Amino acid sequence: RLSRSGSPPSLTMERIPPDLEVVAQRELGETPQVKKDALAKLRALLAEDPVLRCPLDEEFLVKFLRSRKFRVKETLDIIRRYFRIRQEHTDIFDNLLPSRILYDAILHQNKLMTVLKKRDSLGRLIVIFKLGAWNPAVCSLNELFRLVVVGAECSLMDPTTQIAGVVGVVDLDGLHISHFLYFTPSEIRKALKLLQECYPVRVKGIYVINNPPVFQVIYAVIRLL
């Protein structure tokens, strides 16, 4: 069984800026009443599940509801996948502690992932991935995945990111045929599953820059997954 948080459900509705409320209502159909009703229905479904044990507080659940535009059954499905993938990929999620993450090598020395301080004009978080600069001497792919997971968890604590979403910029400058030894179909599939199916991230766009001819091969593989 998966452990349930001991924290009680939140008794107060979250406060978000008026301009963000407009975006939430327009894009997600969110209103205070919609959110309140959806939280009640989702908690009831979670309470009926004999296996799944997850936190019931508003802060945890609402990010999943927003990712599925308050469709409760779809939200329950992604929560189940969110916890299931932790059991399926212990190589990524075991000992996922700050002391076990290679922040300095990945973020500071090689800048393989950068989260811009300034959001775009629509309030979306901008994340730059320099995949072409990656090599196993810096870190393993799993270590890079672990950092991405921690980054996703941190960014999803912000209601602005939950509502406005994320834009990814993938810089392939330096991508070489040797990367294919590591960017295998199974690794690509794992990354896509993490981001698209198991995390409540609203990906609003992915832009690929500096793509060499070899990228067409990788893109063809991705389309088959």
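Which residues line the largest cavity?

1. The model is a predicted one, in which local features need pLDDT of at least 70 and side-chain atom pairs count only at pLDDT 80 or more, while totals for chains, interfaces and linings use all residues. Residues are numbered from 1 along each chain as its sequence is written, and side-chain values use heavy atoms, with hydrogens and water left out.

2. Val 148, Val 149, Ala 152, Leu 194, Leu 195 and Tyr 199 line the largest cavity (on a 1 Å grid over the protein atoms alone, a set of points where a 1.4 Å probe fits but cannot get out, lining residues having an atom within 4 Å of a point). H7 and H9 are the elements that give two or more residues to this lining, and H7 provides the largest share, three residues (helices, H or I of at least four residues, and strands, E of at least two, are DSSP runs numbered from the N terminus). The volume of the largest cavity is about 40 Å³ (the space filled by probe spheres set on grid points, which are joined across faces, edges and corners), and the structure holds one cavity of 30 Å³ or more.

3. The largest pocket (an open set of points with protein on both sides within 12 Å along at least five of seven lines) contains about 1200 Å³ of space. Its lining comprises 40 residues, and Phe 129, Leu 131, Val 170, Leu 195 and Ile 206 lie nearest the centre. Among the elements that each supply at least two lining residues are strand E2 (125-129), strand E3 (166-171) and helix H9 (185-197), but H7 gives the most, with ten residues. By class, this lining has 35 nonpolar, four polar and one charged residues (Ala, Val, Leu, Ile, Met, Phe, Trp, Tyr, Cys and Pro count as nonpolar, Asp, Glu, Lys and Arg as charged, and the others, Gly among them, as polar).

4. The domain assignment, automatic or from a database, gives domain 1 (18-88) and domain 2 (97-224). Between them the two domains bury about 1500 Å², 60% of it on carbon and sulfur atoms (the accessible area, with a 1.4 Å probe, that two parts lose on being put together, summed over both). Leu 20, Lys 63 and Ile 85 supply 34% of the area that domain 1 buries against domain 2, more than any other three residues.

5. Five salt bridges are found across the interface of domain 1 and domain 2 (a side-chain nitrogen of Lys or Arg within 4 Å of a carboxyl oxygen of Asp or Glu). Glu 88 forms a salt bridge with Lys 193, their closest N and O atoms being 3.1 Å apart.
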